[in-house]
Every structure is written in C-alpha cells, then in structure tokens.
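Hi everyone, thanks for coming.

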Amino acid sequence: MQAIEAFLRGRIWVKQFLPFPEELVQAAIDKGDATVISGISAGGECARCLENSSDYVIPFHCATCGNTCRYCRTCIQMGRISSCTQLVLWRAPHILTKRPHAFSWHGKLTPQQENASTAISESIRKQEHHLLYAVCGAGKTEILFSPIHEALQKGLRICVAAPRTDVILELSPRFQQAFPDTVIHTLYGNSPEQTGYGELVLATTYQLYRFEEAFDLLFVDEADAFPYSLDPSLERTVKKAVKPSAPIIYISATPSKTLQKQIAVHSTIFRRYHGAPLPVPIYRSLWNYERHIRKGKLPKVLTEWIQDKLQKKQPFLLFFPSIELINQAAPLLHKIDPSIQTVHSEDPGRKGKVMQLRAGTLSGLATSTILERGITIPHLQVAVVGADHRVFDRAALIQIAGRVGRSAKDPTGEIVFFHNGITRQMDAARADILFYNREGRA
C-alpha cells in the first residue's frame, strides 16, 4: 500500500494502466485512501486538463463501453480520456515529513544572482508568485538551487516544469548533481518508468496533466515558450498541479508584457553570470535562399560561413525555419563535411546528436527551433537561415542568440541573421539585446 501511495499521491492516473496488481488498487479504493472519477464529467469537463469547450470535448461511439461517450482532444497526446475512463486519485491525508537533503553545489553566485535567489526564497516563504526576468546565460538554474534546497529541507514537494524535453534533459543531470540524495523524477514523453514518491520532479509542462494538487512549490521555466505561451490548457494545468496557495515562480529571458503585469513581484538580471555582454546579431543578406536550396545549391555566403567555422574547429548551429528545408539542405551540408548532421522535433536521436556536438564528434547541426532553448555548448557559433521567416519572432531570435557566448572561458561568439529582407521582429530582437547590454552595465 505504501508503494501505491508513493506513486499516486498528487497524480491522476488511468486505472487500467497503474503498475500495481488490480486487487491492491481496489483495496486502496475500498478503504477510501484512493478514489475513482470519470475522465469526462457529466458536465463535459476533462478531469485531466480541465477542458470544457464543446469544440474539444467531442461525442463519439465508444467501443469500450458500447455507448456514446465524449473524449478530450486537448490532452489526447497523453492518451485518450473519455467519459468511461476511470481515473484514480489518492485522497488520504498526507503527513508532511522533513528530512535533511544534501546540497552539493559549491559555486558562487554574483551579487545580482544572490539578490534574485534571496528574493525568490522570500516569495516562497510568503507564498507569493514571483517572476525571474533574466537574460540568456544569467545563470538562472544556479539561482534556483538555494531556494529549492530550503524548500526540500522543509519537506515541501517541488516541481520544475519546462516546455520542451530538451530543456528537461539539460536540467536533469545538474539537479541530480546538486541534490544527490533527493528522490528526483524526470518526466517527459516516453521517459523511463519512475516509481515511488518524487520529492523533486522535473517535467515537461504536458506531464503536469497527470498531477493534481501535488506540489507545494512550482517553477515554470521558459514561461514565454511554445507550447506553454500559446496553449491555455497548460496554464490551467499548472494551476491545477499545485496545492491551494502554493507559490509559482515563473522564469524567462523574454517574458510577455501580460506575464509581467500578472506577476507583482519581479527580479531582473540583464547581465550574464560571467559579466560579458550578450553577442549582438549581425545581419547578412541571403537572397532567395529557399529557391537555391530547393535547386540543390547552398548560397555562397552561407557556404563560406560554414567553412570558416570548420576551419576554426568551432561547433555551430544552423537554424532553419522548417523541417522540409532542413531535409533539403541535409545532403548539401554533408557534401561540405559529413560530420554536419540534422536534428528536429521528429528526430528520435536528437539527444544523442546534441551530445555528439558537445563532445566534438559532430562539427555542426542544422536544426529547427527545437534547440532555441536549454542548450549550452562551449565555443558555439550560431546562424539563422531565413531569420525573416514568421516562425522566428522576437523571443525566438533572442533565445537563439542566447546560445552564443555562454561559457566564462569563451564569452564571445558569432550570431548571424541570414535574411531575405530585414523584419520588425529581427530589429526588435536586436534592440532588446542592445538594451540588455546597456542595462547590464549599469
């Protein structure tokens, strides 16, 4: 029974997929420790993502129960939830238990980082929401370590949520190293099964669909990023995943005006931890680049940029506006150097390729916006092919530029916006970076 409680506490789980014998689960239900609810309520609301729009909660003939059921389209990527789906939740009271947690990070924060870390700790104690507005490379993760350790020492259950798997995979080893004896669960699509009670949960925001009033403290990393910024269900889910009055700490290098207005308490850092300014984008024209690539030829100026990085043995990322264009460019890049590979959201091997780029076995990656966040590689150089494309908005371009110069050993680097015409989004991104550099010197 303890194993069932450890797994279920704070979770919403489909009964038939629980990793326990059916008779043990039923015993917990009969005792009143667990309860069963319908996936879709009689009023038409999804219990998992709280969707209640008739555009997304759809009637259908259900082969499982033989009746007309409704199912939820909003969270279907987590497995279909319908009216006859039985969801199990743990309802027995939880006794808060405290235990010492080791803290193995021995780095030193800058004065700005220290101020932000202290302010976040104070917000947690006051149970108030907080926005950490800090530029790419400000050392946001390190700022969180001390507040998280304090919360763990109090017996609080904590979640750090981020919108993309790549970000979670980047964060996981850093948290494992900082908190070596804490039970940490790392949850993302197709992640290995993790049982027991996670004291600190690192999860993609979609994974929060499976939690309800689970966390005493929640950090939302990259709060401006897709899909969180464009999917109202994820905002609802974040609020559902925390206990009443639990503080939520939002973290972003490019927070929206709306988020800045919603959260009363802010900490701002416009300076990187190593003190060097953010690299400022360079504009270079790349006329009719799509037509050239479709015809099997890379534009000369792009080829020369790649060859320069190869000669200097500098790892690089080439951001493209679409997977289609990445695939068309792939054989052309291989002709320049076979160690240039491609990666995008549909590539199951993207984690390994990023590791190879970091290790130096790959010289460069042609990528979609999937790598605009959560990746740190020393000496990295970056180019955006088609920075004028609508997929590259101001926030995306700032984040992409933020991949450059993150290492204290090499805080410089090149960020080039190859374009077919300068856009307002490109100018806005460049203007913001210049603003951060001015403010960071103040």
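Let's begin with a word we'll need: two strands count as paired if DSSP finds at least two bridges between them. Strands (E, at least two residues) and helices (H or I, at least four) are DSSP runs, numbered from the N terminus. What you see is a predicted model, where local features need pLDDT of at least 70, side-chain atom pairs count only at pLDDT 80 or more, and totals for chains, interfaces and linings use all residues. Residues are numbered from 1 along each chain as its sequence is written, and side-chain values use heavy atoms, leaving out hydrogens and water.

Now find strand β14, residues 316-319, which runs parallel to β17, residues 381-385, with four bridges joining them. Leu 318 faces Ala 383 of β17 there.

Which order do the strands of this open sheet follow? Six strands line up as β13-β18-β17-β14-β16-β15, with parallel pairing. At the edges are β13 (282-285) and β15 (340-343), each pairing on one side only. From one strand to the next, the twist averages 20°; angles run from 0 to 180 degrees between N-to-C directions, and axes are lines fitted to C-alpha atoms, for helices over the stretch in contact. Contact means heavy atoms within 4.5 Å. Helix α9 (residues 300-311) lies across β13, β14, β15, β17 and β18, at about 160° to β14.

There's also an open sheet of three strands, ordered β1-β5-β2 and paired antiparallel. Its edge strands, β1 (13-14) and β2 (34-38), each have a single partner strand, so one side of each has no neighbour in the sheet. Two bridges link β1 to β5 (residues 86-90), and Trp 13 has Val 88 as its bridge partner in β5.
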